[in-house]
Every structure is written in C-alpha cells, then in structure tokens.
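Subject: A structure for you to explore

Hi there,

Here is the structure I promised to pass on.

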Amino acid sequence: RSALEAAQARHATLNAFVQIDPELTLQQARAADAALADGSAGPLAGIPIAHKDLFVTQGWRTTAASNMLKDYVSPFDATVVARLRGAGAVSLGKLNCDEFAMGSANENTIFGAVRNPWDTAAVAGGSSGGSAAAVAARNVLATTGTDTGGSIRQPASFCGVSGIKPTYGTVSRFGMIAYGSSLDQGGPLARHARDLVEMLDVMSGFDPADATSVPSCNGTRNESGRVRDAFEAALATQQTQGERPLTGLRIGVPREFFGAGLADDVRAAVQAALAQFESLGATLVDISLPRTELSIPAYYVIAPAEASSNLSRYDGVRYGHRAAEFGDLNDMIARSRAEGFGAEVQRRILIGAYVLSHGYYDAYYLQAQRLRRLIAQDFQQAFAGQCDVIMGPVAPTVARNLGDNQNDPTADWLADIYTLGVNLAGLPGMSIPCGFGQGDHARRPVGLHLIGNYFDEGRLLAIADCYQ
Ligand code: GLN
C-alpha cells in the first residue's frame with residue numbers, strides 16, 4: 001500500500017506510470033502474503049515491481065504507448081510477467097515508454113513524456129523511460145524493460161539506476177510486443193547489480209513459446225544455467241583476491257567510444273570509474289571497435305525493416321484501433337494505421353518498407369546485414385585475445401532537455417552510437433551509475449557501460465557489484 005501511494009503521489013510530476021490499478025496490485029500482494037504465511041513463497045514474494053507497457057498483461061491494458069493499442073487488454077501474460085508473478089513479485093502497474101519502443105527520450109508516447117526524477121527539465125531517456133524513472137524515484141525496487149538498441153541501458157544511465165540487457169535469446173520474448181525481433185531483448189532495471197541478479201534469475205530461462213529462446217545456457221556460463229549461481233561463482237573468485245578483487249581482469253576500452261562527440265563531463269565521469277576499476281586490480285587495455293560509427297546506419301536499416309514487418313499485423317481488422325469512417329477495405333486499413341500510429345512509428349515503417357522493397361533490398365538491407373556480421377566479429381576479436389569485458393560510456397551526453405530535438409528526429413538516433421552494436425551482435429550489456437554531469441548538468445547522472453561476451457552476464461553483474 002505504501003508503494004502504491006508513493007507511486008500515485010509522484011505520478012503528476014514524473015508521468016512514469018500509464019496505468020495503476022490498486023485492486024489488481026492488492027490482489028497480488030494478498031497472494032504473496034498468503035504464500036509467505038504457508039511457506040510456499042517464491043524468491044521475490046511481496047517485492048514491488050512494475051512492467052514496461054510493452055509486456056502483455058492479463059487484467060491491465062497493454063498499450064505500447066500507442067493509439068493503436070490504447071484499449072487493448074491481452075488474454076494472456078507475457079512469459080516474463082508470468083515468471084515474475086510466479087516468484088511472488090507484486091506489480092504496481094504499467095510503465096510509460098516510447099511508442100512500440102521506438103525512441104531514445106520517452107517523448108514518442110500518447111501519454112506525454114516521462115520526466116527525469118533527478119532534474120524534471122530533463123528527459124528520462126528511452127524507450128524504457130518509465131521503467132528507469134520509477135526505480136530512480138524509489139517507487140518500486142525493480143522494473144522490466146526492453147532493449148532493441150539501448151532502451152534499457154540508456155534510460156538507466158540517464159536516471160542513475162542500473163539495468164542489464166542480457167544475451168539475445170536468454171529472456172523470453174513471448175508476449176513482449178515485437179519491434180525488431182532479431183534485436184529485441186527484455187531485461188530488468190533496479191538500483192544495484194544485486195537486485196538485477198534476483199530479477200534476471202527469475203526472468204531468464206528457456207521458453208518453448210519463443211522460437212529464438214536459447215535451450216541450454218539460460219543466460220550464464222554456469223553449469224546449472226542460473227544467473228544467480230554464475231554471479232555467486234564469479235563473486236566467490238573475486239573474494240579470494242582480497243583487497244584487489246579484480247586482479248587479472250582485462251578491461252577493453254574501445255577508442256572509438258571516446259572520440260569527438262563525447263561530452264567532457266561524461267568522459268570525466270567514465271574515466272574516473274575506469275581508474276576506480278584499476279585500483280580494484282583490473283588492467284585497462286586499449287582496443288578498437290572500428291565499425292562503431294557504422295552501427296548507426298546498420299541498425300537504422302535493420303530495426304525499421306523488421307518493424308515494418310512486425311507492425312503489419314495492426315491492420316484494424318484483428319485487433320487494435322479501427323477508423324470510425326472508411327470506404328473500402330484498403331481505405332479502412334490505411335485510415336486505421338494513419339490514425340493509430342504516431343509520427344516516429346510511421347517514419348520507421350516507411351523506411352523499413354523502402355529498404356526491403358524490390359530494387360533497394362540489396363543496396364540497403366543486405367548491406368546492413370553484412371555490416372552487422374562485421375560488427376559482431378569486431379567484438380569477438382576483442383574478446384578472443386585482448387579483454388574479458390569492455391567498458392565505456394552508455395551515451396555521449398547526460399540527459400538532454402525535454403523537447404530539445406523535436407524538429408530533428410535523427411539527432412537522437414546518432415546518440416545511440418555506443419549501444420546499438422551490442423544488440424546487433426546479441427551480446428549482454430549493462431549500465432551502472434558512475435557519477436554526474438557538470439555545470440548546469442550537475443544533477444544529471446552518467447552511466448558506465450559494461451559489455452560482456454555471450455552468456456557472461458553472471459560475471460558482468462559480479463564486476464558491477466564490486467564497483468557498487
Ligand atoms: N533508440 C533506439 C530506437 O529508437 C533504440 C530503442 C530501443 O532499444 N527500443 O530504435
């Protein structure tokens with residue numbers, strides 16, 4: 001009840017939630033209470049959480065922050081939602097996000113922008129802006145988010161919380177509204193790495209309902225396949241090293257992540273964090289990810305291409321918005337989509353349809369796929385001999401002011417430069433708080449980006465825990 005009240009009290013300022021339903025929440029809380037009383041409680045019994053409005057939920061509406069789905073109620077729960085409820089977590093409701101997860105500022109939403117709890121003139125980041133703001137405002141202990149090109153890590157960075165995008169295929173996408181299916185991956189946001197461990201341990205694991213779910217590893221290199229076991233094993237190794245727990249750890253620092261365009265205050269905060277890692281025993285290694293800049297055109301071809309295909313299901317026939325007035329069937333579909341989708345979503349659909357069309361497919365889509373392969377190889381080369389983990393900034397600047405890039409949508413796209421490659425390669429990546437901006441931005445947090453090799457999230461989380 002107190003978490004609910006706090007969330008409702010902060011709502012007017014932050015706009016992090018899109019639906020709070022005290023009765024549904026209290027039902028779940030009572031079930032958790034009963035489980036605690038009879039000894040059947042799961043590991044998250046009674047823990048207040050909330051879901052990005054991209055995960056379908058029985059009972060609550062699932063809107064994807066779009067007019068297209070504004071009244072939609074799913075007949076089933078996403079796997080992630082079902083698993084968290086099964087573990088006893090109590091959902092406070094649904095969280096604001098960019099429409100169909102397309103955006104970097106949580107301004108593309110029919111519910112109005114989310115504000116940053118640290119500085120309400122600033123954006124919360126996107127697309128999981130509500131998920132980051134609700135944790136930063138201490139409304140919930142953890143939230144779910146999705147990350148197609150940075151949407152967990154960048155809002156976590158802007159709001160001074162921690163967030164992890166696990167290895168592609170380790171968290172089920174069943175019931176997670178599709179944007180770019182080969183890039184989309186769900187994950188948790190919370191204050192600290194330890195809370196992420198508890199969340200991810202429940203969220204990850206094989207799901208036969210998701211065709212790309214990884215059958216055996218379940219998100220870790222650990223034998224049991226559990227994130228928590230892999231985390232604890234990595235932690236135990238660190239503990240044997242005493243005062244300098246990260247002795248022997250090689251941190252790759254990609255020079256392309258520190259070029260022109262990186263703001264001085266972000267550079268300073270990230271470098272201070274790297275120095276801290278050195279004092280914990282780690283060694284910094286200069287590495288190169290030469291195609292970092294090319295991840296932007298590669299991603300902004302592939303993601304819209306997949307989106308144009310995924311979003312073709314919203315035709316006004318089966319579900320979602322249908323125009324009130326129309327002529328023939330084609331007119332009905334056209335009007336429903338024109339009314340249902342916001343400007344950014346329409347822009348992506350147009351780009352996607354264009355790059356997939358006859359005559360342009362080879363020039364754009366195929367080229368982008370080739371680049372994607374090369375970008376993934378660059379990461380593999382770094383992990384093969386040079387380093388165990390990669391670190392750098394999550395975003396080139398701290399959170400910008402609300403409304404700033406309204407007339408220039410691609411300005412935000414360029415700022416995704418450090419996060420996109422991780423999704424193109426399918427690697428795990430996380431953001432942890434490492435300081436603040438400077439001057440006018442002294443209240444705007446900076447995040448440190450940690451990138452691991454496939455299935456290394458247990459170790460990533462242990463490294464983050466050591467710093468935190
Ligand atoms: N900002 C990127 C985009 O708009 C990433 C969004 C995401 O990860 N969902 O596509």
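Predicted model: local features only at pLDDT ≥ 70, side-chain atom pairs only at ≥ 80, totals over all residues.

**The annotated sites**

Let's begin with the record. The UniProt annotation "active site", from an unreviewed entry, covers Lys52, Ser127 and Ser151. They span 100 residues in sequence, yet no two of their C-alpha atoms are more than 11.0 Å apart, so they gather at one spot.

Two of these residues are worth a visit. Ser127 sits in the loop that runs between strand E5 (119–123) and helix H4 (129–136).

Ser151 belongs to the loop between strand E6 (142–147) and helix H5 (153–159). Ser151 is buried too, with 36 other C-beta atoms within 10 Å. Leaving out neighbours within four places in sequence, Ser151 is in contact with Ala101, Gly126, Ser127, Ser128, Gly145 and Thr146.

**Around the ligand**

Which residues come nearest to the ligand? Of the 14 residues around the ligand, these are Ala101, Ser104, Thr148, Gly149 and Ser151. Sorted by class, the shell around the ligand holds 4 nonpolar, 8 polar and 2 charged residues.

**Leu54**

Next, find Leu54 in the loop between strand E2 (48–52) and helix H3 (79–86). Leu54 is buried, and 31 other C-beta atoms lie within 10 Å. Not counting residues up to four places away in sequence, Leu54 touches Ala64, Cys97, Ala101, Thr146, Met176 and Ile177.

**Helix H9**

Helix H9 covers residues 295–310, which makes 16 residues. From its first C-alpha to its last, H9 reaches 22 Å, close to the 22 Å expected at 1.5 Å a residue. Among the buried residues of H9 are Tyr299, Tyr300, Val301, Ile302 and Pro304. What covers the buried residues of H9? The cover includes helix H11 (343–356), helix H12 (361–386), helix H13 (409–414) and helix H14 (420–425).

**Helices H6 and H7**

Two packed helices are described by the angle between their axes and the distance between the axes. The axes of helix H6 (residues 193–203) and helix H7 (residues 227–239) come within 8 Å and cross at roughly 145°. Where they meet, Val197, Leu200 and Asp201 in H6 face Val227, Arg228 and Phe231 in H7. By class, this contact has 4 nonpolar, no polar and 2 charged residues.

**Glu339**

The last stop is Glu339, in helix H10 (residues 329–340). Glu339 has 14 other C-beta atoms within 10 Å and is partly exposed. Apart from neighbours within four places in sequence, Glu339 is in contact with Asn67, His321 and Ala323. Glu339 and Gln377 are 38 residues apart along the chain, and their C-alpha atoms are separated by 42 Å.

Enjoy exploring, and do write back with your questions.

Best wishes

Note on methods
Residues numbered from 1 in each chain as written. Near = placed C-beta within 6 Å. Nonpolar A, V, L, I, M, F, W, Y, C, P; charged D, E, K, R; others polar. UniProt positions renumbered as here; feature names shortened; annotations may be inferred. Helix = DSSP H or I, 4+ residues; strand = E, 2+ residues; numbered from the N terminus. Buried ≥ 20, exposed ≤ 12 C-beta atoms within 10 Å, placed from the backbone. Contact = placed C-beta atoms within 7 Å. Expected span 1.5 Å × (residues − 1). Axes fitted to C-alpha atoms, helices over the stretch in contact; angles between N-to-C directions.
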